[in-house]
Each structure stands twice: as structure tokens, then as C-alpha cells.
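Please open the model in a viewer and follow the selections below in order.

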Amino acid sequence: MYWVSDGSLTSTALGRRALIGCMYAAVATGVTYGFSMYSSALKEQFCFSQQQLANLNTIQFSLGPFSPLFGAFARRCGVKGTLLLGGLWVSSAQIVFYLVATQRIHAGDPAKVLLGISMLQYMGIQLISSCAFSTPIMHFQRQRGMAAALVKSFVGLAGAVVSQLYVLLFGVPGAEPEALNCILLWASVSLSCCVFASVIVPSTPDESAREPRTMLRYLHTHLLVLTGVGTAVALAPYGPVHRGLVPVLLAMALAPLGIALAPCWDRQRALREGDEAPLPTVSYTTLQMLRTPDAWLLCGVGSVVIGGGNMLSTNFGQIVQACGASEAFVPTVVTLFSTGNLLGRLVATIVSDRVLAFRGRPRPWIAAAIAALMGSAQLVLLLAGLCAAGSVGQAALLALGSVCAGIAFGSMWPHLVVLASELFGSSHLAANYLFFDGGCGAVGTLLLANLLPTFFYSRAATDDDEGGSGAGSGPDLTNRTCAGSSSTCLGAQCFLPTHSIIAGLCLLAVVASAVIARRSAGLYRQIKRNADLIARAAVGAREGATSAVVGGGGASGVLVPGATEGSKPTLSLQYGATSAAAMTQPLLLGAVAHAPPPPPLSKPPLSAPPSPAPPSAYAGVRSATSASFSPRHSREPSLDWHAIPEVD
């Protein structure tokens, strides 16, 4: 059970440290979004085909279905140890990748060796993900949407900041070997962020700690401004203005570090009624979750959106090249995609909270909107390939498509965390979420970011080699820079089928999201009723009322100050004329925490045997000792009416 706050001032130190530490640890999980910065250099260095190049940033996701194992390991190893190990693992893999890529370490088959290193890197990323994305949810149960958005937003921020920092230090990346220095830059950033996180993130949540609403709002506003600065940096022409804006972007990205240790954030007011997300009412293990159609439908939606985003982050260099645009535009679209990624992760859950969840409406409707936006972005990029090469209109479409795709891609990730928590409970969130994180990444990335684009890209390049010019207004030629390598495809035909197919799959994802929303409508009404029960109880207590009706539907509750635990009020439930006052549990006001179960009480005598009450009459009430949930039959809790109830 979670205690309701009465507005007192208590410490928020552990929550602050957990959130800020996980935000920076999440930066290390964004290393794959910087692949386009040095992909052309890798292709030139080893004369890789497009298939070999795409494998380096996509095949690693095939390990995704094993992600719950990393969650189980993290549970045994602890948060601090897992974050430190993950940071060392990822940075070591990146350093070895750099040494092989620059041929300082000679490999007999560079394509296979680099692929193996990238798969090892992915294991380290999943170790970090197992803690970085689930730990804040444990510290911010009632504001999990905002917490998940802030942590996930830093993944998108990482791509923008590191890309522009590289341009500031080394210049615009091209096909020269110097572009591989971006790998070393990522290695240093990943290690620094994870070491910092392992030091400040608490090992376990403090059950008496507060959820600092003021800090969350400040961070949300700060990151919105940071998104605008990142967009300005991406669009600024290279020169003095750009060189002046990049340090501003970097300083703003580091600003939240001070919040982790600043004591002034300890004194913050409590949440008000309606400011928090409703608490989940169900609890599924991973195996139970996998028996539900909702899990597979959600996995399908996530696979389409994530696969569409990873297709772009992997192939932006080749997409810009195929359109006939300047290679200097590659960092621009990468940064725009990353800032859109940041904006989606930051804003989308707030929108779904306010518009859907807080009003008892199914949150999966937001997944339908996200899939529709990704499909629209793919169509915009398709049109960019049909425009005249190097035209202003083409540049505008590339920029618009990159931003929209980034917003959709970023919006999906925090919603996977929140939807997993709401649809399947928080008790097994680390393992359940990693199923979606790894499963969606594996299916979407392998099919939509690897096999699909490389098939059509290679076929279009082969057609050009045989003398065909292909469709589109781009240059009707190919460029073979390495003997025996695949041709470089130029023209709209290179990615037109890929964009079209992903757009069509996004339409199916919209339908799947609608099905989940319809199926979960009752669950979200139940979650809302539970939140209202607690909120009304808190309001009645703060107003000093002797009793306050807090029930809903056929049930009602009465706050009785001083009935037990000295002066602490209790919550007594009634149904019709039958009193359940004997089955009361203290409703402590003042903090948000888990309540220890009370000592067993003997069954009190009743003047008349109570008449059976339907389970719906006790919406929002859960048995402290024997409440159970049967996912095979219903989303309603099954109760032992002779046990002591507590508010959920």
C-alpha cells in the first residue's frame, strides 16, 4: 500500500539521486543512435556492402529476447553493481571496436569481428537498461509517467549532444578514417555517466521518502528548453554561431547534475489531488503476461515504431546520400532525429497522463497516435527522395521527416515502461519491461532496419549496375569506391519501397493499439477509481472532517480519526447497510510508502452475518493477506472478505 501525503515536508534525497543518476546512465544506452556519424567511414575503410554495414548496428538486437535474463541478473547483483559493470562493459566494447575499425588490431574478417563486438556491447547496454529504466519507477510510483519520460529523454539527448560535440572537436564527419574518433567519444561519455550513476543511485527505494513534484517540473521545463537549443544547434550553419551554441548545449545537458546533491530540493510540498498517476491494480509474472493477447499486440506495435526509427538512425548517411543531398547534412538530420527523440520521450507521457490516464481513459490510445506519426514521417522522407537533389524543398522534407520520426520513436520507449506497469503490474516490471525492450528491438530492428532496407537498397544498386536508372529524380549513376564491394545506390528507388512498407505497417499498428485500448478500458476505470479513493480520503483528513465518504459505486468509506494507532485515522468500508468497520487498517497520512501488514486480529462478533457483497463493490480495496489475481479469468482482484483490507 502507498501512504497518502498530507503536505508535510520530508526528505527527497534518495528519489533525486535515483532519478538524476539513472538519467545519465541512460545516456550510455543511446550509443546506437550515433552510428550514422561514422558508418560511411566504416564502409570506406573496409569496403563493406550495405548489408554488412547494417548488420553492425542491427544484428545485435537479436539478443533482445534474452533481455529478461539481464533483469534477473540485475536483481541479484544490485543497482549500483549492475550500472558500474554495464558502463565498463559498454565502454570496453567500444574501445575494442575502435581499435579494430582503425586497424590497430588486425582482424581476419573485420565484418564478423566487429559484429561480434557490437553484440557484446548490446549485452552491456541491456545491463544498464535493466536498472536505468525500472529504478525510477520504483522511487516514483505515483509519478511514474513523468519519471520514465525524464530518464528516457536522456537517451535521445545523448545522440544530439555527442554528435554536435564531435563536430565542435573534429569537424563534420565524412568517409575519412578520422570520423571513427566518434566511437572513442562515445566510449568516454558512456563510462563517465555510468560511473557517476553507480555512485549516487541508492541501492533500494526509501519507503518513507517523498516524490518531489517541484523537481520533476523543473527538469521537464529544463529539458524542453534543451530540446529547443538542440534544434537550433542542428539548424545553425557551421561557423561562429554553431561553435558558440554547442557549449551552451553541453552546459545545459550537465546542469541537472547539481540537483542530485543540492539540499534545497529536500523541502518540497506534497502532491495535490489529481497531480499523480493512478496506481496499477494488477500483477503479472512474465509467463502470465505472455499468455495474454495484449502483450503480443503491444510488442507488435512497439516493433513497428522502434524498427522504423532504428532503420533511420542506421541508414541516415545512406538516405541523405541517395537523395543527392550534401554529406554535411548528415549531422543535421542525426541531431534533428535525436532532438525529436528527446522531445517525444519528454512530452508524450505527460500528454497521455493528462488526456487519458488521469481521466480513466485507456492509455494505449496514445500508442495509436505514435504509430500514425511514424507512418507519416516515413511518407515525408519518401517524398524527400522524389524531390530535386540538393533543393531547398528536399532539405525541408528531410528535416521535417527526421524530427517527426524522432518524436514518434522517442514517444514509444517511455510508454513501453508505463504501459507494462499499468497493464501487467509493477511487481515484475524489470523483467516484463525488458521483454518489450528486447523483443521489440529484436523483431523491429532485424526486420525493418536490416533485412528490409538492405534488400531493396542492394537490388536498386544492382539494377543500376546493369544499366537501369531507376525511378526518382536523383542522379542516375552509382559509385563503386572499393573493388568487389556493393554499389552505392543513388536515387529515390534506394529507400522508396522501405519507406512505403513501414508506413503500411504503421497503419496496422494503429489498429492493434485500438484493440488494446478497447480491451483495457475496464482496467483503466478501475485504476482511476482506486486513485480517487485514496485522494478523497486524503482530502477529508486534511480538512479535519470526522468522517469523509471516499467510496465509489456501491461501496463507501469513512475516515475515523483516532480509532486505532493512537490519533492516526483509519479507513472503514461499508457496503449498503452492512458495516466492515471491524476490518479496518490505519491510513497513515504524511508520506508515500509501503505499509507493513498489521498483526492478525481475531474475527469480531457481528450482530448479524453480513450478506455477500459483489466484488465490484470493493473496487480499489485489496486484501492485505490473501488478495490474489487471476489473469486467466479477469482483471478484477479476488478477495478474502475475512482478511484485513488495505487501500491500494
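Select Cys-489 and Cys-494 to begin: a disulfide joins these two residues, with an S to S distance of 1.9 Å. A disulfide here is a pair of cysteine sulfur atoms within 2.5 Å, and by this rule the count comes to 1. The model is predicted, so local features need pLDDT of at least 70 and side-chain atom pairs count only at pLDDT 80 or more, whereas totals for chains, interfaces and linings use all residues. Residues are numbered from 1 along each chain as its sequence is written, and side-chain values use heavy atoms, with hydrogens and water left out.

Display the torsion about the S-S bond next: at -90°, the link of Cys-489 and Cys-494 is left-handed. Cys-489 is buried at 0% relative accessibility, where buried means under 20% relative accessible area, exposed over 50%, and partly exposed in between (1.4 Å probe, protein chains only). Cys-494 is likewise buried, at 0%.

Now select Cys-131, which is in no disulfide; its nearest cysteine sulfur, that of Cys-22, is 7.5 Å away. Cys-131 is buried, with a relative accessible area of 3%.

Continue to Cys-194, whose sulfur lies 6.9 Å from the closest cysteine sulfur, in Cys-193, and is therefore too far for a bond. Cys-194 is buried at 0% relative accessibility.

Finally, select helix α8 (residues 144–170) and helix α15 (residues 330–355), which pack at an angle of about 170° with their axes 8 Å apart. Helices are DSSP runs of H or I with at least four residues, numbered from the N terminus; axes are lines fitted to C-alpha atoms over the stretch in contact, and angles run from 0 to 180 degrees between N-to-C directions.

Key
Helices (H or I, at least four residues) and strands (E, at least two) are DSSP runs, numbered from the N terminus.
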